[in-house]
Amino acid sequence: MLQSIKLLPTFLVLVGLCLFSSFILPQDDRSAPPRQPFKLVVLDPGHGGRDAGAVGRKANEKDIALAVALKLGKKIEDEMPGVKVIYTRKTDVFIPLYERPALANKHNADLFISIHCNAAATRRSPARGTETLVCGYNRLGQQDAAIRENASILLEDNYEENYGGFDPKDPSSMIVFQLMKNQHRRESIKLASLMQDKFTTSGRPDRGVKEQSLAVLATAGMPAVLTELGFMSSSIEEDYMLSTAGQKEMVQNLFDAIKTYKTSVER
Ligand SMILES: [Zn+2]
């Protein structure tokens, strides 16, 4: 008897988990309800103010990142109906790293995209191309609090009827957050891969999707990527990233990736 009473919370958690995981895991069932619409993107132009980022011959990383983020945001708001954009900065100001994902968490964003430029140790390096980073496993523990905070907001609408009183704040529901974290990781990798694919269609060298231990991604409670547009240490790439045509092309690549991603998660 004592045993079954002890097992009751575990049983309830498992029931909750089944209900919950059927909501958050990929659905093959065509009759499954569509996911919540994709409504808000946070764009995070890297560096700013006293932090120039990588310094090129003609420009600083912070300025290219800002220009591309503003153009991308405008394109999203103009051409993706129903999707809003929030920027971590819209001017040349310094923003502490932790405030960037915190803004996305506060607004319960669907996506966090940090925009940067790469640099090799020396200008003689032949390194070129784009790469997109997702948070490495060793940092994933830091997402727990953010996901937990967001989960209660996410579930607010039809919470009672959907989950039969399952409490996301209960410590025993950590396993649910583990599932959510894995879901965010899968979606981050999906978006990062799409971004790399789109850059490749414009002939950019593809350095792939990489996992890194990045503070700026570690506490985002939603799918989050950091894209490196190209190398400031390469004069060819610096010129490309600084040019109007180059920025237009990179913005189009990123926009196409986000659009495809949006369709895939809303399916
Ligand atoms: Zn950077």
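Two strands pair if DSSP finds at least two bridges between them. I noted this first, together with the rule that helices (H or I, at least four residues) and strands (E, at least two) are DSSP runs, numbered from the N terminus.

**Entry 1: the model.** I recorded that this is a predicted model, in which local features need pLDDT of at least 70, side-chain atom pairs count only at pLDDT 80 or more, and totals for chains, interfaces and linings use all residues. Residues are numbered from 1 along each chain as its sequence is written. The pLDDT is the predictor's confidence in each residue, from 0 to 100. I found an average pLDDT of 82 for the protein chain, with 71% of the residues at a score of at least 70. Over residues 1-33 the pLDDT is below 50, and beyond near neighbours in sequence this stretch has 21 contacts in the model; two residues are in contact if their C-beta atoms, placed from the backbone, lie within 7 Å. Residues 159-164 also have a pLDDT below 50, with seven contacts beyond near neighbours in sequence. Where pLDDT is low, the predicted coordinates should not be read in detail.

**Entry 2: the sheet.** I counted nine helices and six strands in the protein chain. The six strands of an open sheet stand in the order β2-β1-β3-β6-β4-β5, with mixed pairing. At the edges I found β2 (84-87) and β5 (206-212), each of which pairs on one side only. On average, neighbouring strands of this sheet are turned by 25° against each other, direction ignored; axes are lines fitted to C-alpha atoms, for helices over the stretch in contact, and angles run from 0 to 180 degrees between N-to-C directions.

I then looked up β4 (residues 130-135) and β6 (residues 224-231), which pair in the antiparallel sense over three bridges. Here Leu133 stands opposite Leu226 in β6. Helix α8 (residues 235-242) packs on the sheet and touches β3 (111-118) and β6, its direction making about 120° with that of β6.

**Entry 3: strand β3.** Strand β1 (residues 40-45) runs parallel to β3 and is joined to it by five bridges. Pro45 has Ile115 as its bridge partner in β3. I found six bridges between β3 and β6, also in the parallel sense, and His116 opposite Glu228 in β6.

Entry 4: Helix α9 (residues 244-266) has 23 residues and reaches 33 Å from its first C-alpha to its last. Its buried residues include Asn253 and Ile258. Ile258 is among the residues that Val41 touches, not counting residues up to four places away in sequence. Thr201 lies in helix α6 (residues 174-201). Thr201 is exposed, because 11 other C-beta atoms lie within 10 Å. I noted that Thr201 and Asn253 are 52 residues apart in sequence and 8.2 Å apart in space, C-alpha to C-alpha.

Terms used:
Expected span 1.5 Å × (residues − 1). Buried ≥ 20, exposed ≤ 12 C-beta atoms within 10 Å, placed from the backbone.
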